[in-house]
Amino acid sequence: MKTKQEVMQSQPTQIRRGIFQGDSLSPLLFCIAHIPFTNDLNRADCGYQVHGTERKISYLLHMDDLKLLGRNENDLKNETIIVQTISKDINMNFCLEKCARICLKISFAQSKMHVGSTFDNDIKELEPRKAYKYLGIEESFDIQHKNEEENLKKEYLRRLRLVLGTELSTKIKFSSWIIGSTST
(Lines give C-alpha, C1' and ligand atoms only; values in the text may rest on other atoms or scores of the structure.)
Protein backbone atom coordinates (compact mmCIF):
# COMPACT_ATOMS: atom_id res chain seq x y z
CA MET A 1 0.00 0.00 0.00
CA LYS A 2 1.42 3.37 -0.95
CA THR A 3 1.08 6.30 1.40
CA LYS A 4 2.44 9.80 0.93
CA GLN A 5 5.45 8.95 3.05
CA GLU A 6 6.20 5.29 2.34
CA VAL A 7 5.28 2.01 0.73
CA MET A 8 3.93 -0.52 3.23
CA GLN A 9 3.92 -4.26 2.56
CA SER A 10 2.34 -7.05 4.57
CA GLN A 11 3.85 -10.43 5.22
CA PRO A 12 2.91 -13.09 2.62
CA THR A 13 -0.46 -14.68 3.29
CA GLN A 14 -1.10 -18.26 2.23
CA ILE A 15 -4.71 -18.83 1.17
CA ARG A 16 -5.07 -22.52 0.47
CA ARG A 17 -8.81 -23.19 0.44
CA GLY A 18 -10.53 -19.88 -0.30
CA ILE A 19 -12.37 -17.40 1.85
CA PHE A 20 -15.78 -18.06 3.35
CA GLN A 21 -18.59 -16.24 1.61
CA GLY A 22 -19.91 -13.57 3.95
CA ASP A 23 -16.54 -13.05 5.61
CA SER A 24 -15.80 -9.32 5.85
CA LEU A 25 -12.46 -9.86 4.10
CA SER A 26 -14.04 -11.65 1.11
CA PRO A 27 -15.22 -8.64 -0.92
CA LEU A 28 -11.95 -6.81 -0.38
CA LEU A 29 -9.83 -9.79 -1.48
CA PHE A 30 -12.14 -10.40 -4.42
CA CYS A 31 -11.75 -6.79 -5.57
CA ILE A 32 -7.99 -6.93 -5.09
CA ALA A 33 -7.91 -10.06 -7.29
CA HIS A 34 -9.50 -8.00 -10.09
CA ILE A 35 -6.77 -5.35 -10.12
CA PRO A 36 -4.62 -7.21 -12.70
CA PHE A 37 -7.67 -7.55 -15.00
CA THR A 38 -8.50 -3.87 -14.80
CA ASN A 39 -4.89 -2.73 -15.24
CA ASP A 40 -4.24 -4.91 -18.29
CA LEU A 41 -7.64 -4.28 -19.88
CA ASN A 42 -7.16 -0.53 -19.40
CA ARG A 43 -3.71 -0.73 -21.05
CA ALA A 44 -5.02 -2.70 -24.04
CA ASP A 45 -6.00 -0.55 -26.98
CA CYS A 46 -9.46 -2.11 -27.15
CA GLY A 47 -13.04 -1.05 -26.65
CA TYR A 48 -15.26 1.82 -27.61
CA GLN A 49 -14.06 5.42 -27.73
CA VAL A 50 -16.01 7.69 -25.37
CA HIS A 51 -17.31 10.58 -27.47
CA GLY A 52 -15.28 13.75 -26.96
CA THR A 53 -12.49 12.06 -24.97
CA GLU A 54 -9.51 9.81 -25.51
CA ARG A 55 -10.92 7.28 -23.01
CA LYS A 56 -11.91 3.84 -24.21
CA ILE A 57 -14.30 1.46 -22.46
CA SER A 58 -13.32 -2.17 -22.96
CA TYR A 59 -15.18 -3.80 -20.10
CA LEU A 60 -17.82 -3.42 -17.42
CA LEU A 61 -17.04 -5.03 -14.09
CA HIS A 62 -19.22 -5.23 -11.02
CA MET A 63 -18.01 -7.74 -8.41
CA ASP A 64 -18.28 -11.10 -10.19
CA ASP A 65 -19.99 -9.87 -13.37
CA LEU A 66 -17.57 -9.07 -16.20
CA LYS A 67 -18.70 -7.84 -19.60
CA LEU A 68 -16.10 -7.39 -22.34
CA LEU A 69 -16.73 -4.79 -25.03
CA GLY A 70 -14.87 -4.50 -28.31
CA ARG A 71 -15.12 -2.62 -31.57
CA ASN A 72 -14.46 -5.81 -33.47
CA GLU A 73 -13.57 -9.48 -33.11
CA ASN A 74 -9.87 -8.67 -32.70
CA ASP A 75 -10.61 -6.47 -29.65
CA LEU A 76 -12.64 -9.25 -28.07
CA LYS A 77 -9.92 -11.78 -28.85
CA ASN A 78 -7.28 -9.61 -27.14
CA GLU A 79 -9.51 -8.96 -24.12
CA THR A 80 -10.41 -12.64 -23.78
CA ILE A 81 -6.73 -13.61 -23.88
CA ILE A 82 -5.96 -11.04 -21.14
CA VAL A 83 -8.78 -12.36 -18.94
CA GLN A 84 -7.82 -15.97 -19.61
CA THR A 85 -4.12 -15.40 -18.85
CA ILE A 86 -4.68 -13.49 -15.63
CA SER A 87 -7.42 -15.81 -14.38
CA LYS A 88 -5.05 -18.74 -14.91
CA ASP A 89 -2.25 -16.87 -13.11
CA ILE A 90 -4.38 -16.16 -10.04
CA ASN A 91 -6.18 -19.51 -10.19
CA MET A 92 -9.61 -17.96 -10.74
CA ASN A 93 -12.23 -20.08 -12.46
CA PHE A 94 -15.11 -18.75 -14.54
CA CYS A 95 -18.55 -20.27 -14.69
CA LEU A 96 -18.43 -20.51 -18.47
CA GLU A 97 -21.89 -22.08 -18.74
CA LYS A 98 -23.28 -18.70 -17.63
CA CYS A 99 -21.22 -16.87 -20.27
CA ALA A 100 -22.37 -15.94 -23.75
CA ARG A 101 -21.02 -13.89 -26.61
CA ILE A 102 -22.56 -11.90 -29.40
CA CYS A 103 -21.03 -9.78 -32.10
CA LEU A 104 -23.23 -6.83 -33.00
CA LYS A 105 -22.75 -4.88 -36.18
CA ILE A 106 -24.69 -1.72 -36.87
CA SER A 107 -28.33 -2.76 -37.37
CA PHE A 108 -27.79 -6.52 -37.15
CA ALA A 109 -26.23 -9.34 -35.16
CA GLN A 110 -23.43 -11.21 -36.85
CA SER A 111 -24.24 -14.90 -36.81
CA LYS A 112 -20.87 -16.32 -35.75
CA MET A 113 -17.84 -14.90 -34.03
CA HIS A 114 -14.54 -16.61 -33.36
CA VAL A 115 -12.42 -14.95 -30.70
CA GLY A 116 -9.76 -17.66 -30.86
CA SER A 117 -8.85 -18.50 -27.27
CA THR A 118 -9.32 -21.70 -25.34
CA PHE A 119 -12.34 -20.01 -23.74
CA ASP A 120 -13.77 -19.78 -27.26
CA ASN A 121 -14.88 -23.41 -27.36
CA ASP A 122 -16.51 -23.15 -23.94
CA ILE A 123 -18.38 -19.85 -24.33
CA LYS A 124 -21.58 -20.38 -26.21
CA GLU A 125 -22.89 -18.09 -28.91
CA LEU A 126 -25.96 -16.12 -27.79
CA GLU A 127 -28.85 -17.52 -29.77
CA PRO A 128 -30.88 -15.12 -31.93
CA ARG A 129 -33.71 -13.48 -29.99
CA LYS A 130 -32.31 -14.81 -26.70
CA ALA A 131 -31.09 -12.63 -23.86
CA TYR A 132 -28.52 -12.84 -21.09
CA LYS A 133 -28.52 -11.15 -17.72
CA TYR A 134 -25.93 -8.58 -16.70
CA LEU A 135 -26.49 -7.14 -13.22
CA GLY A 136 -30.00 -8.54 -13.23
CA ILE A 137 -31.05 -6.82 -16.47
CA GLU A 138 -31.81 -8.93 -19.50
CA GLU A 139 -29.79 -7.76 -22.49
CA SER A 140 -29.91 -8.83 -26.10
CA PHE A 141 -29.69 -7.42 -29.59
CA ASP A 142 -33.14 -5.91 -29.16
CA ILE A 143 -33.62 -5.03 -25.50
CA GLN A 144 -37.29 -5.04 -24.57
CA HIS A 145 -37.31 -1.78 -22.59
CA LYS A 146 -40.99 -2.01 -21.61
CA ASN A 147 -40.53 -5.57 -20.33
CA GLU A 148 -37.43 -4.60 -18.35
CA GLU A 149 -39.20 -1.60 -16.85
CA GLU A 150 -42.07 -3.83 -15.78
CA ASN A 151 -39.68 -6.42 -14.31
CA LEU A 152 -37.86 -3.74 -12.32
CA LYS A 153 -41.16 -2.41 -10.95
CA LYS A 154 -42.22 -5.92 -9.89
CA GLU A 155 -38.89 -6.57 -8.16
CA TYR A 156 -38.99 -3.19 -6.40
CA LEU A 157 -42.49 -3.85 -5.08
CA ARG A 158 -41.58 -7.41 -4.06
CA ARG A 159 -38.67 -6.16 -1.98
CA LEU A 160 -40.75 -3.35 -0.50
CA ARG A 161 -43.41 -5.85 0.61
CA LEU A 162 -40.74 -8.05 2.19
CA VAL A 163 -39.43 -5.17 4.28
CA LEU A 164 -42.89 -3.89 5.20
CA GLY A 165 -44.01 -7.40 6.18
CA THR A 166 -41.41 -7.69 8.93
CA GLU A 167 -41.98 -6.86 12.60
CA LEU A 168 -39.27 -4.21 12.59
CA SER A 169 -39.99 -0.68 13.80
CA THR A 170 -41.04 1.91 11.23
CA LYS A 171 -37.72 3.71 11.62
CA ILE A 172 -35.73 0.52 10.96
CA LYS A 173 -37.98 -0.45 8.03
CA PHE A 174 -37.52 2.95 6.45
CA SER A 175 -33.75 3.05 6.91
CA SER A 176 -33.30 -0.55 5.72
CA TRP A 177 -35.39 0.16 2.64
CA ILE A 178 -33.40 3.30 1.81
CA ILE A 179 -30.10 1.42 2.20
CA GLY A 180 -31.40 -1.60 0.27
CA SER A 181 -32.84 0.40 -2.62
CA THR A 182 -29.63 2.38 -3.12
CA SER A 183 -27.47 -0.73 -3.17
CA THR A 184 -29.53 -2.66 -5.72
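Start by selecting D45 and K56, whose side chains meet in a salt bridge at 2.5 Å, N to O. This pair links distant parts of the chain, with D45 in the loop between α2 and β1 (48–49) and K56 in strand β2, eleven residues apart. A salt bridge here is a side-chain nitrogen of Lys or Arg within 4 Å of a carboxyl oxygen of Asp or Glu. Helices (H or I, at least four residues) and strands (E, at least two) are DSSP runs, numbered from the N terminus.

Before moving on, note that this is a predicted model, in which local features need pLDDT of at least 70, side-chain atom pairs count only at pLDDT 80 or more, and totals for chains, interfaces and linings use all residues. Residues are numbered from 1 along each chain as its sequence is written, and side-chain values use heavy atoms, with hydrogens and water left out.

**Around K56 and D45**

Stay on K56, in strand β2 (residues 56–57). Not counting residues up to four places away in sequence, K56 touches D45, C46, G47, Y48, Q49 and R71; contact means heavy atoms within 4.5 Å. Is D45 buried or exposed? D45 is exposed, because its relative accessible area is 56%. The cut-offs are under 20% relative accessible area for buried, over 50% for exposed, and partly exposed in between (1.4 Å probe, protein chains only).

Next select D75, in helix α3 (residues 73–89). D75 has 3% relative accessibility and therefore counts as buried. Leaving aside neighbours within four places in sequence, D75 is in contact with D45, C46, G47 and G70.

Select residues 59–62 and 65–68, which are strands β3 and β4; they run antiparallel and are joined by four bridges. Two strands pair if DSSP finds at least two bridges between them. Within this pairing, L61 has L66 in β4 as its bridge partner. The two strands form a hairpin with two residues between them, and M63 in the turn has a positive phi of about 50°.

F30 and M63 are 33 residues apart in sequence, and their C-alpha atoms are 7.6 Å apart in space. Which residues does F30 contact, leaving aside neighbours within four places in sequence? They are M63 and D64. F30 counts as partly exposed because its relative accessibility is 29%.

Helix α1 (residues 26–33) also holds L28. Select L28 together with L25, I32 and I35 to see a nonpolar surface patch of about 350 Å². Patches are made of residues with over 30% relative accessible area and no salt bridge, with like charges joined within 9 Å and nonpolar side chains (Val, Leu, Ile, Met, Phe, Trp, Tyr) within 5 Å. Accessible areas come from the Shrake-Rupley method with a 1.4 Å probe, and for residues only the protein chains shown count as cover.

**Other salt bridges**

The structure holds six salt bridges. For one of them, select R43 and D40, whose side chains meet at 2.4 Å, N to O. They are three residues apart in helix α2 (residues 35–43), so about one helical turn separates them. R43 is exposed, with a relative accessible area of 62%, whereas D40 is partly exposed at 27%.

Then move to K153 and E149, whose closest N and O atoms are 3.7 Å apart in a salt bridge. Both lie in helix α4 (residues 145–164), four residues apart, about one turn of the helix. K153 is partly exposed at 46%, and E149 is partly exposed at 39%.

End the tour by selecting E155, R158 and R159, which are linked in a network of salt bridges.
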